[in-house]
Amino acid sequence: MTENFFITGVSRGLGRALFSQLIAQGKKPAGIGRHFTPVQRQAEASGACRLVFCDLASVQEVEALAFATLLDAKATAPAGFTNTRAGF
């Protein structure tokens, strides 16, 4: 079974550290954020992860992301999900 991970806040802090750790473990996480590092973009280009631009403070962007995810026929339930900005 394939494990899917959606990590928010991959631009910095805990989200960035967790995202990097999952890639190092050979997982292929989806990283959600507003800014991506060159290393993250390189990892996406190699197929090691997926980067998704979304400002979670914007209701419109979150709705668009949720709708696009629901339409993705290949989408499966995540093995893990973290919202590293849950305190805002």
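Predicted model: local features only at pLDDT ≥ 70, side-chain atom pairs only at ≥ 80, totals over all residues.
## A look at the fold and its core

Of the chain's 88 residues, 30% count as buried. Three helices and four strands make up its elements, and from the N terminus they run β-α-β-α-β-α-β. As for contacts between residues at least 6 apart in sequence, 42% of them join residues at least 24 apart.

Now for α1. Its twelve residues should span 16 Å at 1.5 Å a residue, and its end C-alpha atoms sit 17 Å apart, which agrees. Gly15, Phe19 and Leu22 are the buried residues of α1. They cover an arc of only 65° around the axis, so they lie on the same side of the helix. Gly13, Leu14 and Ala24 are exposed on the other side. After α1 comes Gly26, with a positive phi near 85°.

| Element | Residues |
|---|---|
| β1 | 5–8 |
| β2 | 30–33 |
| α2 | 38–45 |
| β3 | 50–53 |

What about the largest nonpolar core? It has ten residues, including Phe5, Ile7, Phe19, Leu22 and Phe36. Both β1 and α1 supply at least two residues of this core. In soluble globular proteins, nonpolar side chains tend to be buried together.

Which residues does Phe36 contact, leaving aside its neighbours within four places in sequence? They are Val10, Gly31, Arg41, Leu51, Val52 and Phe53. Val10 and Leu51 also belong to the largest nonpolar core.

How values were computed
Residues numbered from 1 in each chain as written. Heavy atoms only, no water. Core = buried A, V, L, I, M, F, W, Y, C linked by side-chain atoms within 4.5 Å. Buried < 20%, exposed > 50% of the residue type's maximum accessible area, 1.4 Å probe, protein only. Contact = heavy atoms within 4.5 Å. Expected span 1.5 Å × (residues − 1). Arc of directions from axis to C-beta.
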